[in-house]
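User: I have a model open and would like to go through it with you. Could you take my questions one at a time?

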Amino acid sequence: SMMEHLARAAVELHHQRTGRKKSSEGLLASPPTGFIGSPSPAPPATAASASGKDNTKIAWTPEEQEVVERAVSEKKSPHAIAKLLKNKTEAQVKAFLKNQAKSEEQTEALADDLGSP
């Protein structure tokens with residue numbers, strides 16, 4: 001039904017954005033009808049493949065982290081940092097910087113808690 005299709009589409013989009021689902025078949029692939037094990041159609045091309053950036057790769061390599069650290073120390077914008085990193089978007093850079101700041105705050109708070117009697 002249409003509601004099931006929309007629910008599957010929402011879940012697949014969520015998994016793509018969070019990097020949780022990494023299978024060759026998308027959730028939107030038609031359920032098998034007829035023969036068991038019949039090949040399912042390939043997932044449709046996404047805007048990410050058209051733009052040349054791989055939006056499914058979420059993890060940051062140590063090299064990418066070093067580039068971001070250098071760029072931040074040089075006061076570069078997230079847009080400029082994304083241009084330095086060929087496989088990251090501006091939104092991914094912004095999210096990374098936000099998560100790094102949050103992690104540093106938590107580390108400082110923990111250090112303060114452990115340091116106080």
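Predicted model: local features only at pLDDT ≥ 70, side-chain atom pairs only at ≥ 80, totals over all residues.

The conversation below goes from the overall fold to single residues.

User: How much of the protein counts as buried?

Analyst: Of its 117 residues, 15% count as buried. The protein exposes about 9,100 Å², and carbon and sulfur atoms supply 59% of that area.

User: And what share of the contacts links residues 24 or more positions apart?

Analyst: Among contacts with a separation of 6 or more, 42% are between residues 24 or more positions apart.

User: Which residues make up the largest nonpolar core?

Analyst: The core has eight residues: Trp60, Val68, Ala71, Ile81, Ala82, Leu85, Val93 and Phe96. Helices α3, α4 and α5 each supply at least two residues of this core.

User: What does Trp60 touch?

Analyst: Leaving aside residues up to four places away in sequence, Trp60 touches Gln65, Val68, Leu85, Lys88, Gln92, Val93 and Phe96.

User: Let us turn to α5. How many residues has it, and how far does it reach?

Analyst: Helix α5 covers residues 90-115, which is 26 residues. From its first C-alpha to its last it reaches 37 Å, close to the 38 Å expected at 1.5 Å a residue.

User: Which residues in α5 are buried, and what covers them?

Analyst: Gln92, Val93 and Phe96 are buried in α5. Their cover includes α3 (62-73) and α4 (78-84).

User: Is Lys75 buried or exposed?

Analyst: Lys75 counts as exposed because its relative accessibility is 75%, and the cut-off for exposed is over 50%.

User: Last one. Which residues form the nonpolar patch on the surface?

Analyst: Met2, Met3 and Leu6 form that patch, and together they have about 360 Å² of accessible area. Met2 is found in helix α1, which spans residues 2-18.

User: Why does Met2 count as exposed?

Analyst: Met2 counts as exposed because its relative accessibility is 54%, and exposed means over 50%.

Methods:
Residues numbered from 1 in each chain as written. Heavy atoms only, no water. Patch = residues over 30% accessible without salt bridge, like charges linked within 9 Å, V, L, I, M, F, W, Y side chains within 5 Å. Areas by Shrake-Rupley, 256 points an atom, 1.4 Å probe, with all protein chains shown as cover. Salt bridge = Lys/Arg side-chain N within 4 Å of Asp/Glu carboxyl O. Helix = DSSP H or I, 4+ residues; strand = E, 2+ residues; numbered from the N terminus. Buried < 20%, exposed > 50% of the residue type's maximum accessible area, 1.4 Å probe, protein only. Contact = heavy atoms within 4.5 Å. Expected span 1.5 Å × (residues − 1). Core = buried A, V, L, I, M, F, W, Y, C linked by side-chain atoms within 4.5 Å.
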